[in-house]
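Colleague: Hello! I am new to this and would like to learn how to read charged side chains in a model. Could you walk me through it?

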Amino acid sequence: MQSFHSVPVGTRGPTEEAKKAAMEQVVEGLLDDACVKCSKGKAFFGGDQIGYLDIALGCFLGWVRVTEKTSHLKLLDESKTPHLVKWADSFSADASVKDVMPETDKLAEFAKALMAKFKAPPPS
């Protein structure tokens with residue numbers, strides 16, 4: 001009997017292209033549509049002011065930007081997710097957020113240091 005790890009990579013599941021296409025469908029279809037439906041044309045999911053959902057999603061914006069920078073992959077693309085891009089810009093520029101939103105370069109350095117720590121051998 002073969003173990004899961006001895007099965008050729010291509011037979012374990014979808015190809016990288018299929019995974020990428022699925023992710024694009026999620027981001028473009030579900031998330032951008034949800035942004036439109038929830039906000040009802042307003043700047044934020046909760047309306048004219050930042051609400052709980054905005055805060056919950058906004059917590060990920062710094063990491064999304066780090067991922068975009070380090071992987072050269074555009075996750076929030078104006079041509080594919082215009083409403084999410086507009087929301088992200090509004091959220092980041094809001095007076096209650098802009099002073100606490102981490103700078104992308106500093107957060108990327110933190111991520112790099114964190115990954116190095118995880119990869120380091122445990123102390124003996």
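Predicted model: local features only at pLDDT ≥ 70, side-chain atom pairs only at ≥ 80, totals over all residues.

Colleague: Thanks! With which residue does Asp105 form a salt bridge?

Modeller: The general idea is that side chains of opposite charge can pair when their charged atoms come close. Here the partner of Asp105 is Lys69, with the closest N and O atoms 2.0 Å apart. This pair links distant parts of the chain: Asp105 sits in helix 5 (residues 104-119) and Lys69 in helix 3 (residues 61-71), 36 residues apart. Lys69 is partly exposed too, at 42% relative accessibility.

Colleague: How many salt bridges does the structure hold?

Modeller: There are four. Among them is the one between Lys74 and Glu68, at 3.9 Å from N to O. Lys74 is exposed at 55% relative accessibility, whereas Glu68 is buried at 14%. Another joins Lys42 to Asp48, with 3.7 Å between the closest N and O atoms. Lys42 is partly exposed at 43%, and Asp48 is exposed at 57%.

Colleague: And what pLDDT does the protein chain average?

Modeller: The average is 83, and 88% of the residues score at least 70. Over residues 1-11, however, the pLDDT is below 50, and this stretch has four contacts in the model beyond near neighbours in sequence.

How values were computed
Residues numbered from 1 in each chain as written. Heavy atoms only, no water. pLDDT = per-residue confidence, 0-100. Contact = heavy atoms within 4.5 Å. Salt bridge = Lys/Arg side-chain N within 4 Å of Asp/Glu carboxyl O. Buried < 20%, exposed > 50% of the residue type's maximum accessible area, 1.4 Å probe, protein only. Helix = DSSP H or I, 4+ residues; strand = E, 2+ residues; numbered from the N terminus.
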